[in-house]
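This report describes selected local features of one model. The sequence and structure are shown first, and the description follows.

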Amino acid sequence: MTRTTTAPFLQALRGQNGGTPPVWLMRQAGRYLPAYRRLRERYTFLELCKTPELVAAVTTMPIDVLGVDAAILFADILLLAEPLGFSLRFDDGTGPSLSPTLQSAADVDGLPNDPAAVNAAFDYMKAAIAELKCTLQVPLVGFAAAPFTLATYLIEGGTGRDFKRTKQWLFSDPDSFHRLLQRLTDYTVAYLQLQIRAGVDAIQLFDSWAHVLAPEHFAACSARYLAAIRRALPKDIPVIFFCRGTGAYLNEIAAAAPNAVSADWTTEIRQLRAGLPAGIALQGNLDPAWLYAPPVELAAAARSLLSQMAGDPAYVFSLGHGVLPDVSVDAVRLLVDTVKSGATAAVI
Ligand code: CP3
């Protein structure tokens, strides 16, 4: 297996991109694509995730439809809950649900403690990655949740609202809360190592719920474990941290030593760039809701971001969070075309 190193996306992650910024989007493979919706009429989401040929087909869709510069493996951050002993459901319209939920320190201490077992649980993922590496012309991004975000799902049983149970636990029994984060860190390292062995070119960690933490808790519950994951992975694999609340936690994120920071849209990109040490690439950070705007406004917003980052060799154009399921394909295509044609191109 050979890894691409000259692709613009990987060059930008190393701070060595000389051309227009590469572009890819979180949730670029999903329900806004008619071809994806057609597959979902025949298969459940989990069936798609667990069938290597379907994973390869869905992962490739946005490359063919949009011409983006990177592919992200079609999977979900919650798949890792299965080898930890949870059953996972995605019922239409209600979001993910997990059972049982974690309730006590005893539940944490009763979790499986055999990270090497993830290898056998993800044969389907290894096969999908191997297939993609034979066919894809762009780098492939593997991913996992940050331990804090995964912990919220295991404790709340689904997508949290106020994260009451998670925070109550953190404030009343921090020792067992940290034992949980450490166990999830060990499993996440094993999970990402198997993706890397199978051939992914870069890793992104999603801390989608980081923004509900006060900064001191972000440092203790998120950044500390993200740093441990980065240290455990091979140095030559670029690792991107996406933490919602990017601006508020920038120093803590940078101290955890990612190769790149993927930023949400609540802080101006120039301010983020100024706050990051040299050597850390920046990805982001257009508000995904721009995809609902009139085309002229959408293109203008993209060009504004591009002009702010013009000439930055360590910049990857992206959204500040995932593509929403009901945007039009034309809008997403216009966005990608605007980036690819350079900051000065006229809108047609
Ligand atoms: O294109 C890609 O980005 C690759 C695949 C991907 C999915 N989920 C596919 C998916 C990735 C990277 C994720 C990560 C993920 N999953 C996150 C972190 C990113 C973020 O958005 O903050 C989170 C929090 C999850 C958990 C999750 N999975 C939620 C909240 C949902 C939405 C439920 C719903 O009904 O919309 C999912 C389901 C999911 N994951 C879908 C897709 C394409 C929709 C499934 C469907 O077809 O119905």
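Cys221 is buried, its relative accessible area being 1%; here buried denotes under 20% relative accessible area, exposed over 50%, and partly exposed the range in between, with a 1.4 Å probe and protein chains only. The model is a predicted one, in which local features need pLDDT of at least 70 and side-chain atom pairs count only at pLDDT 80 or more, while totals for chains, interfaces and linings use all residues. Residues are numbered from 1 along each chain as its sequence is written, and side-chain values use heavy atoms, with hydrogens and water left out.

**Cysteines**

The structure contains zero disulfides, a disulfide being a pair of cysteine sulfur atoms within 2.5 Å. Cys221 accordingly takes part in none, and the nearest cysteine sulfur, which belongs to Cys243, is 13 Å away. Cys134 has a relative accessibility of 69% and therefore counts as exposed.

**Three further residues**

| Residue | Relative accessibility | Class |
|---|---|---|
| Gly320 | 0% | buried |
| Arg273 | 15% | buried |
| Asn259 | 23% | partly exposed |

Gly320 is situated in the loop between β9 and α15; helices (H or I, at least four residues) and strands (E, at least two) are DSSP runs, numbered from the N terminus. Contact is taken as heavy atoms within 4.5 Å. Apart from neighbours within four places in sequence, the contacts of Gly320 are Met26, Phe242, Ala263, Asp264, Trp265, Asn285, Leu286 and Pro288. A separation of 8.6 Å divides the C-alpha atoms of Gly320 and Arg244, which are 76 residues apart along the chain.

Arg273 belongs to helix α13, residues 269-275. When residues up to four places away in sequence are not counted, Arg273 touches Ile280, Ala281, Leu282, Met309, Asp312 and Ala314.

Asn259 occupies the loop between α12 (250-255) and β7 (260-262). With residues up to four places away in sequence again not counted, Asn259 touches Leu13, Arg230, Ile237, Pro238, Val239, Gly279, Ile280 and Ala281. The C-alpha atoms of Asn259 and Pro21 are 238 residues apart along the chain and separated by 16 Å.

**Helix α15**

Helix α15 spans residues 329-340, 12 residues in total, and reaches 16 Å from its first C-alpha to its last. This is close to the expected 16 Å at 1.5 Å a residue, where the expected span is 1.5 Å times one less than the number of residues. Its buried residues are Val329, Ala331, Val332, Leu335, Val336, Thr338 and Val339. These buried residues pack against α2 (34-42), α4 (52-66), β8 (281-286), α14 (295-308) and β9 (315-319). Gly342, with a positive phi near 90 degrees, follows α15.

**Ligand surroundings**

There are 23 residues around the ligand, of which Arg27, Arg31, Tyr36, Ser208 and His321 come nearest; a residue qualifies if one of its heavy atoms lies within 4 Å of the molecule. Polar contacts, which are pairs of N or O atoms within 3.5 Å, involve several residues. A polar side-chain atom of Ser208 is 2.4 Å from a ligand oxygen atom. A ligand nitrogen atom lies 2.7 Å from an N or O atom in the side chain of Asp76, and a ligand oxygen atom lies 3.1 Å from a polar backbone atom of Gln28. Taken alone, the ligand exposes 880 Å², and the protein buries 89% of that; these areas come from the Shrake-Rupley method with a 1.4 Å probe.

Key:
A polar contact is a pair of N or O atoms within 3.5 Å; within protein, one must be able to donate a hydrogen and the other to accept it, and residues adjacent in sequence count only if both atoms are side-chain atoms.
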